[in-house]
Amino acid sequence: MDDMTSLQAIYGGTFDPVHYGHLKPVEILANQIGLSKVIIIPNNVPPHRPQPEASSEQRKRMVELAIADKPLFVLDERELKRDTPSWTALTLKEMREEAGAQKPLAFIIGQDSLLNFPSWHQYETILDNAHLIVTRRPGYPLEMAEEQHQRWLENHLTWDIENLHSQPAGKIYLAETPWFDISATIIRERLEKGEPCDDLLPEAVLEYIHQHGLYQAG
Ligand code: ATP
């Protein structure tokens, strides 16, 4: 039996702002499959997305506040420190070099990100360096739009978590995490309208948002 606590995961995103839809599925996933650590990497200038509303420093600070009492998570600032786009493929290549060839690594994405994953820079190379673990998100199918991408998915799919621990990379696991109908977009819109967001993100993050006047109208 392999060490079921050795698997490290990496979780990238804009986190504009970080919310429970990011944190809760991953905490549940960690219990379900035995994750020792989740490294949160906020993006710098995400290539496929409009620019974030909060600055890099503010997005980083909000992640720090969100994970302050959660030892599962650690923050990694490497993408924020670059002035080039955040290519996940390159970050994972770098992390693989640091971890050595044998250590199991996993990259976590939500179901929506799986659907556009084939449009990511050098997406095929990502599985050379890490497994892909997909958390559920309401409102998105679990099938790829194009047949060649569905074949790619099926070729890498595993339902056996043992494979995630015994192999360093290369598998896709569709996790059975509960749905959290939360997005940063919804939170920004609610804040702009002055609507409450208490159940959507950690209190310390919400306080930071109010203190710094983030996501306000005008
Ligand atoms: P936005 O609304 O600004 O597009 P977002 O809420 O989707 O942002 P991101 O920072 O872009 O958040 O997402 C980072 C990662 O978190 C992605 O892999 C995304 O799929 C995942 N994610 C975000 N919200 C959820 C959610 N509610 N459930 C599951 N995964 C989620």
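Modeller: Glu-203 sits in helix 10, residues 203–211. Keep in mind that this model is predicted.

Biologist: Is Glu-203 buried or exposed?
Modeller: The cut-off for exposed is over 50% relative accessible area. Glu-203 has 61% relative accessibility, so Glu-203 counts as exposed.

Biologist: Which residues gather with Glu-203 in a patch of negative charge?
Modeller: The patch lies on the surface. Besides Glu-203, its members are Asp-198, Asp-199 and Glu-207.

Biologist: Where is Tyr-140 found?
Modeller: Strand 5 covers 131–135, and helix 7 covers 147–156. Tyr-140 is in the loop between strand 5 and helix 7.

Biologist: What is the relative accessible area of Tyr-140?
Modeller: Partly exposed lies between the buried limit, under 20%, and the exposed limit, over 50%. Tyr-140 is partly exposed because its relative accessible area is 36%.

Biologist: Which residues is Tyr-140 in contact with, leaving aside neighbours within four places in sequence?
Modeller: Leu-114 is 26 residues from Tyr-140 along the chain, and their C-alpha atoms are separated by 9.7 Å. With those sequence neighbours left aside, the contacts of Tyr-140 are Gln-111, Asp-112 and Leu-115.

Biologist: Is Arg-78 buried or exposed?
Modeller: Arg-78 lies in helix 3, residues 78–81. Buried means under 20% relative accessible area. Arg-78 has 16%, so Arg-78 is buried.

Biologist: What is Arg-78 in contact with, beyond neighbours within four places in sequence?
Modeller: Two glutamates are included, Glu-94 and Glu-98.

Notes:
Residues are numbered from 1 along each chain as its sequence is written. This is a predicted model: local features need pLDDT of at least 70, side-chain atom pairs count only at pLDDT 80 or more; totals for chains, interfaces and linings use all residues. Side-chain values use heavy atoms; hydrogens and water are left out. Patches are made of residues with over 30% relative accessible area and no salt bridge: like charges are joined within 9 Å, nonpolar side chains (Val, Leu, Ile, Met, Phe, Trp, Tyr) within 5 Å. Accessible areas come from the Shrake-Rupley method with a 1.4 Å probe; for residues, only the protein chains shown count as cover. A salt bridge is a side-chain nitrogen of Lys or Arg within 4 Å of a carboxyl oxygen of Asp or Glu. Lys and Arg count as positive and Asp and Glu as negative; His and the chain ends are not counted. The place of a charge is taken as NZ of Lys, CZ of Arg, CG of Asp or CD of Glu. Helices (H or I, at least four residues) and strands (E, at least two) are DSSP runs, numbered from the N terminus. Buried means under 20% relative accessible area, exposed over 50%, partly exposed in between (1.4 Å probe, protein chains only). Contact means heavy atoms within 4.5 Å.
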